[in-house]
Amino acid sequence: VQLQASGGGLVQAGGSLRLSCTVSGIRFSLDTMHWFRQAPGKQRERVASIGSGGNTNYADSVKGRFTISRDNAKRTLYLRMNSLKPEDTAVYSCMPQSILLTGKALELWGQGTQVTVSS
């Protein structure tokens, strides 16, 4: 399994970014996919999820600002982030549900992308 997140960067508060995560080694179209984030000194938290059928679910902290989507043909997961706040600053990672609770996940958490929002 390989996960490659990209699209992070430095942005001012109120700005937008779109993250991408290219996935290989799983049956992408059949798997529920998640975006997680981890800020320094804080626990990792789930930000958004999308099922194989396209149903979505968001953390309350990002609801109405973030949009998760997927392109099964490209095996790519996206996260559109609007109205960014300094508290959104974190390393963002994607994770398939099929891998999430396995030991493999420990190896994959480091493949995230840094998002920094300045005030």
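Threonine 76 has its place in strand 8 (residues 76-81), where a strand is a DSSP run of E with at least two residues, numbered from the N terminus. The model is predicted, with local features needing pLDDT of at least 70 and side-chain atom pairs counting only at pLDDT 80 or more, while totals for chains, interfaces and linings use all residues. Residues are numbered from 1 along each chain as its sequence is written, and side-chain values use heavy atoms, with hydrogens and water left out.

Threonine 76 counts as buried because its relative accessibility is 7%, buried being under 20% relative accessible area with a 1.4 Å probe and protein chains only. Apart from neighbours within four places in sequence, threonine 76 is in contact with several residues, including Cys21, Phe28 and Arg70, contact meaning heavy atoms within 4.5 Å.

## The disulfide

One of these partners, Cys21, is joined to cysteine 94 by a disulfide, with the sulfurs 1.8 Å apart; a disulfide is a pair of cysteine sulfur atoms within 2.5 Å. Cysteine 21 lies in strand 3 (residues 17-24) and cysteine 94 in strand 9 (residues 90-96), so the pair ties together parts that are 73 residues apart in sequence. Both cysteine 21 and cysteine 94 are buried.

## Charges over rings

The charged end of arginine 70 sits over the ring of phenylalanine 28, at 4.7 Å from its centre, a placement that requires NZ of Lys or CZ of Arg within 6 Å of the ring centre and within 35 degrees of the ring normal. Arginine 44 lies over the face of tryptophan 109, 3.9 Å from the ring centre.

Definitions and conventions
Helices (H or I, at least four residues) and strands (E, at least two) are DSSP runs, numbered from the N terminus. Buried means under 20% relative accessible area, exposed over 50%, partly exposed in between (1.4 Å probe, protein chains only).
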